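This report goes through the packing, the charged pairs and the backbone of one model. The terms are given with their cut-offs where they come up.

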Amino acid sequence: MEQKADIGLIGLAVMGENLVLNMESHGFTVAVYNRTVEKVDAFTGGRGRGKKIIGTHSLQELAGALKGPRKVMLMVKAGKAVDDFIEQLIPLLSPGDIIIDGGNSHFPDTIRRTKYVESRGLLYIGTGVSGGEEGALKGPSLMPGGSPAAWPHVKSIFQSIAAKVEDGTPCCDWVGENGAGHYVKMIHNGIEYGDMQLICEAYQIMKESLGMSASAIHKVFKRWNEGELNSYLIEITRDILAYKDTDGKPLVDKILDTAGQKGTGKWTSVSSLDLGVPLTLISEAVYARCLSAMKDERMAASKVLSGPKKKIIKNKEAFLRDLEKALYASKIISYTQGYVLMRAAAEEYKWSLNYGGIALLWRGGCIIRSVFLGRIKDAFDRNPQLSNLLLDPFFKDTIEKSQKSWRRVVSTAALNGVWMPSCSTALNYFDGFRSARLPANLLQAQRDFFGAHQYERVDKPRGEFFHTNWTGHGGETASSSYIV
Ligand code: NBP
């Protein structure tokens with residue numbers, strides 16, 4: 001009898017091909033298919049040659065090549081391609097078979113698709129996959145969610161191919177129902193935006209206010225990578241800064257300063273606005289990319305608008321120590337905000353998320369992998385109900401120890417006209433969050449003044465609302481529908 005495959009994979013682009021090779025190297029037989037069918041033969045005759053990989057040339061052939069319950073994983077462009085494949089697969093599969101979407105799908109799509117696929121008697125998984133090309137081949141971080149009944153059938157494949165942390169724990173576990181896996185992947189990507197922006201701000205102030213060259217900054221990142229900031233993104237930044245172009249000069253200095261984006265950072269910010277959770281650092285990082293893309297406008301403005309005279313800071317080593325602490329404190333704020341958002345989403349979408357477990361999923365394989373995530377896991381081990389990371393003793397203590405340095409860095413940047421949006425918004429969040437009283441009393445008065453929106457009083461119980469006739473001719477009627 002012809003050998004049947006353990007899993008089928010559709011989409012032989014960079015991620016799909018590498019995931020197939022990863023699965024095969026862990027002992028699984030994989031059947032593959034691609035819309036442009038020639039790519040199937042190119043793959044099975046090329047990188048996949050001599051391996052337990054079955055090339056198929058139609059979806060019927062793919063469905064026929066799989067062991068039951070059949071598992072078909074899509075690694076195609078997010079959006080319509082996923083819906084199209086689901087439509088084509090449904091009539092070819094049987095009850096209990098599983099469709100898996102491993103692309104960067106937007107979580108509301110995954111919520112919708114889970115419901116739809118389940119209504120057709122099948123099971124659905126939407127899984128985040130992080131780690132890029134290398135991760136896909138050697139061990140990605142996987143964040144699966146969807147139909148809980150599907151998990152036992154894919155668990156051994158997913159956990160075998162995932163990255164492992166030092167003690168062998170796989171960076172893959174069940175996240176939750178319907179869109180939970182893709183939501184957590186979206187938060188991962190948002191955090192990635194924040195981490196990258198913070199690193200760029202540190203680089204910028206080293207250049208602008210310390211007058212450092214790329215190779216001098218490389219040495220700083222090298223040192224930082226040996227301490228608490230140790231992470232994949234600091235490591236690649238260190239290597240990027242050392243990389244020389246063909247003329248021997250740093251390549252980084254020749255790259256145009258306009259950043260691209262594919263939308264997952266924006267989705268994270270939009271979700272924070274929808275749920276009313278401050279996600280200021282990641283949102284600043286998204287806007288930072290937008291501002292960077294306004295290259296022509298910035299070039300023109302730079303000729304008209306002036307800032308403070310450039311000053312080189314004298315005590316370089318002391319400032320670098322401050323900067324390291326400021327970066328770490330800001331990173332704490334970024335993850336704090338991301339975790340508060342996940343908690344709000346879990347409540348809204350009825351997911352039961354394991355927050356420490358999520359830190360562990362990101363501990364290896366993915367772009368934001370770092371020593372720091374171990375600290376987050378420890379915090380949730382200490383208190384699984386932790387509502388805000390800043391209230392954990394380790395993070396509270398670290399922020400306290402970093403605070404003076406952080407304030408010196410943000411004020412130095414402001415005084416020297418150096419752009420540090422994420423680092424400064426992080427400090428503002430900290431100062432806002434630790435304030436028992438914010439000026440929203442005045443804001444409520446303004447809203448009541450012009451729109452009769454009412455206010456609560458400090459000397460009355462919560463939930464009792466008052467309206468004042470501020471001008472004497474505004475009337476006593478409160479608004480119930482006008483929303484500002
Ligand atoms: P791409 O996102 O470039 O997608 C290429 C695949 O999608 C090919 O198999 C292509 O078929 C297929 N495809 C396209 Br494009 N349009 C299609 C359509 N209308 N109908 C059917 N198939 C279609 O590949 P990738 O970079 O490997 O990423 C795959 C997924 O993984 C994406 O969702 C991506 O966001 C996600 N992801 C990527 C990375 C990364 O580092 N690249 C990391 C993590 C997640 P064809 O060969 O016939 O054109």
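## Basis

Buried means under 20% relative accessible area, exposed over 50% and partly exposed in between, with a 1.4 Å probe and protein chains only. By that rule Asp101 is buried, at a relative accessible area of 0%.

The model is predicted: local features need pLDDT of at least 70, side-chain atom pairs count only at pLDDT 80 or more, and totals for chains, interfaces and linings use all residues. Residues are numbered from 1 along each chain as its sequence is written, and side-chain values use heavy atoms, with hydrogens and water left out. Helices (H or I, at least four residues) and strands (E, at least two) are DSSP runs, numbered from the N terminus.

## Nonpolar cores

A nonpolar core is a set of buried Ala, Val, Leu, Ile, Met, Phe, Trp, Tyr and Cys residues joined through side-chain atoms within 4.5 Å. In soluble globular proteins, nonpolar side chains tend to be buried together. The largest core here has 81 residues, and the members touching the most others are Met206, Leu323, Tyr339, Met342, Trp362, Ile376 and Trp406. Helix H14 supplies the largest share of this core, 15 residues. A second, separate core holds 31 residues, among them Leu21, Phe43, Ile53 and Val129.

Contact means heavy atoms within 4.5 Å. Leaving aside neighbours within four places in sequence, the contacts of Trp362 include Ser141, Met143, Val184, Ile187, His188, Tyr339, Met342 and Arg369.

Helix H7 covers residues 151-161, and its buried residues are Trp151, Val154, Ile157, Phe158, Gln159 and Ile161. The cover over these buried residues includes strand E1 (7-10), helix H1 (14-25), strand E4 (71-74), E5, strand E6 (123-130) and E7.

Helix H18 has 13 residues (421-433); at 1.5 Å a residue it should span 18 Å, and its end C-alpha atoms are 18 Å apart, which agrees. The expected span is 1.5 Å times one less than the number of residues. Buried residues in H18 include Pro421, Cys423, Leu427, Tyr429, Phe430 and Asp431. The buried residues of H18 pack against helices H8 (180-210), H12 (280-293), H14 (316-349) and H17 (393-416).

Trp419 lies in the loop between H17 and H18 and is partly exposed, with a relative accessible area of 39%.

## Salt bridges

A salt bridge is a side-chain nitrogen of Lys or Arg within 4 Å of a carboxyl oxygen of Asp or Glu. The count by this rule is 28. Arg113 and Asp101 form one, with closest N and O atoms 3.8 Å apart. Arg113 belongs to helix H5 (residues 107-119) and Asp101 to strand E5 (residues 98-101), twelve residues apart. Arg113 is buried, at 1% relative accessible area. Both residues are also part of a network of salt bridges that links Asp83, Asp101, Asp109, Arg112 and Arg113.

Asp257 and Arg298 pair at 3.2 Å, N to O. Asp257 sits in the loop between helix H10 (232-242) and helix H11 (264-275) and Arg298 in helix H13 (residues 295-304), so the pair ties together parts 41 residues apart in sequence. Asp257 is partly exposed at 35% relative accessibility, as is Arg298 at 26%. Within H17, Lys401 and Asp397 meet at 2.8 Å, N to O; being four residues apart, they are separated by about one helical turn. Lys401 is exposed at 59%, whereas Asp397 is partly exposed at 33%.

## Backbone details

Gly145 lies in strand E7 (residues 141-146) and is buried, with a relative accessible area of 0%. Gly145 and Ala180 are 35 residues apart in sequence and 5.3 Å apart in space, C-alpha to C-alpha. Not counting residues up to four places away in sequence, Gly145 touches Tyr124, Ile125, Gly126, Trp174, Gly176, Asn178 and Gly181.

Most residues other than glycine have a negative phi, and most peptide bonds are trans. Asn178, which is not a glycine, has a positive phi of about 35°; Asn178 is found in the loop between strand E8 (176-177) and H8 and is buried at 19%. Ala452 has a positive phi near 50°, lies in the segment after helix H19 (440-451) and counts as buried at 12% relative accessibility. A cis peptide bond joins Gly68 and Pro69, with omega about -10°, and Pro69 is in the loop between helix H3 (59-64) and E4.
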